Amino acid sequence: MSCRAVLSIGGNQGDALSLLRGVVDAAAADGILRAVSSVYATPPWGGVEQDDFLNAVLVVDHPGSPTDVLEWGFARERAAGRTREVRWGPRTLDVDVVTAELGGEPVASDDPRLTLPHPRAAERAFVMVPWLEIDPAARLDGVPVRECLDALDPGDVAAVRRLPDPLAPRGPGGVT
């Protein structure tokens, strides 16, 4: 049974666009990529003074469990030189598992290592906007993502700016 997961990816250090493309290319090469959003520039979230982030959302079908998807994301972060020094601080790459399904059923978890659905996803326009782009029927914990987005501060939503740079995978194993 495969795990369908929604991943939020972002970064604001180094060549963030290339690092995001690296995640997309890895997902395509591994044959798990199903959809990828545009790239969005977004103000930092969480109160730490820093540069804007580049963000995107992927949908993947991974052959393992939600924890395996998390480990796959951690491997991408390690490859990008990610360090965890300041919560919500600058980073080369962040890969978050937003939601996961097994056999078409949503997975709920209160494990501190992997809480599902992601506990703050509904508060983050930088997750909701790109997710809605690639899946207009998406639901977060049973609530349409459109409703989650509509509940956010309009200024926060307007600050999520779509960039012209596509993240479509390069090479074999692209989106199916």
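Is C3 buried or exposed? Select C3: its relative accessibility is 0%, so C3 counts as buried. Buried means under 20% relative accessible area, exposed over 50%, and partly exposed in between (1.4 Å probe, protein chains only).

A note before moving on. This is a predicted model, where local features need pLDDT of at least 70 and side-chain atom pairs count only at pLDDT 80 or more, while totals for chains, interfaces and linings use all residues. Residues are numbered from 1 along each chain as its sequence is written, and side-chain values use heavy atoms, with hydrogens and water left out.

The structure holds zero disulfides. From C3, the nearest cysteine sulfur is that of C148, 20 Å away. Now select C148. Its relative accessibility is 10%, so C148 counts as buried.

Next, the second largest pocket. A pocket is an open set of points on a 1 Å grid over the protein atoms alone, where a 1.4 Å probe fits, with protein on both sides within 12 Å along at least five of seven lines; lining residues have an atom within 4 Å of a point. Its volume (the space filled by probe spheres set on the points, which are joined across faces, edges and corners) is about 400 Å³. Select V6, T99, E101, W131 and R139: of the 19 lining residues, these are the closest to the centre.

Finish with β5 (94–102). This strand (a DSSP run of E, at least two residues) gives the most to the lining, with three residues.

Definitions and conventions: Helix = DSSP H or I, 4+ residues; strand = E, 2+ residues; numbered from the N terminus. Disulfide = S-S within 2.5 Å.
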